[in-house]
Amino acid sequence: MEFDREGELVLPAARGKALRLKAGSAVRITNPFGTQAIDTWAFAADDMSEYLSMENVRSFNSVVCIDQGVALVSTERRPIITIVEDTSAGRHDTLLCACNPAIYRELGVKGFHRSCSGNMHEALTEIARDIPFTPAALNLFMSVRVEPDQTLTRLLPASKPGSYVTLRAEFDVILVLSSCPQDVTTINGPDRTPRDCMLEILAPGAFA
């Protein structure tokens, strides 16, 4: 990943990045087209067996989707990151798994295809970390609706161009982001095109 300009990073389409965030620091994730899904993980920097847990988030808050104000808790049921700004359509998905090689095989893809699961492990490897499995991700900017019959409908992205979400670290964390490589279904918009997003690292204290 390269610096685009002072204070900002480009998260390239279909790629992932791991960021080390100190307690109180934040990252603003900007979606220039409004259509890009961002799979998101957070791990305790000193013990990666503690991580942002979608099942605990749903249980702790009694919610299915994520909006600003919902406690994003870890496997230890303590806040690990917090949404401190959100200009997107909200209702971020917690239900769908990160895309992975098996999904692309089911969709008829032959050979290698980048995936959010692969991006997470690749990004962690770049900072000399890894875990032996892929936790469920918080799917920022992704629209999924639970129907009255309890089935799921994958909706087209609903955020406006330039929308952003800002995440604050509640203690020292490793944040992993994947600009979803999905180009077979319309989860990244009707043109099925993964796109770059922007990351801005904000110093501790920017959001008290």
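## Exercises on a predicted model

Leucine 52 touches Thr40, Ala42, Val57, Leu72, Val73, Ser74, Ile80, Ile81, Ala136 and Leu138, leaving aside residues up to four places away in sequence. Contact means heavy atoms within 4.5 Å. The model is predicted: local features need pLDDT of at least 70, side-chain atom pairs count only at pLDDT 80 or more, and totals for chains, interfaces and linings use all residues. Residues are numbered from 1 along each chain as its sequence is written, and side-chain values use heavy atoms, without hydrogens and water.

**Exercise 1.** Find which residues touch the most other members of the largest nonpolar core.

*Solution.* Start with the term. A nonpolar core is a set of buried Ala, Val, Leu, Ile, Met, Phe, Trp, Tyr and Cys residues joined through side-chain atoms within 4.5 Å. Buried means under 20% relative accessible area, with a 1.4 Å probe and protein chains only. The largest core has 31 residues; Ile29, Leu52 and Leu167 touch the most other members. A second, separate core of 24 residues includes Ala18, Cys99, Met120 and Ile131.

**Exercise 2.** Locate glutamate 85 and list its side-chain polar contacts.

*Solution.* First, the place: strand S8, residues 79–86. Strands are DSSP runs of E, at least two residues, numbered from the N terminus. Next, burial: glutamate 85 has a relative accessible area of 18%, so it is buried. Then the partners. A polar contact is a pair of N or O atoms within 3.5 Å; within protein, one must be able to donate a hydrogen and the other to accept it, and residues adjacent in sequence count only if both atoms are side-chain atoms. The glutamate 85 side chain meets that of arginine 28 at 2.8 Å and that of threonine 166 at 2.5 Å.

Terms used:
Buried < 20%, exposed > 50% of the residue type's maximum accessible area, 1.4 Å probe, protein only. Helix = DSSP H or I, 4+ residues; strand = E, 2+ residues; numbered from the N terminus.
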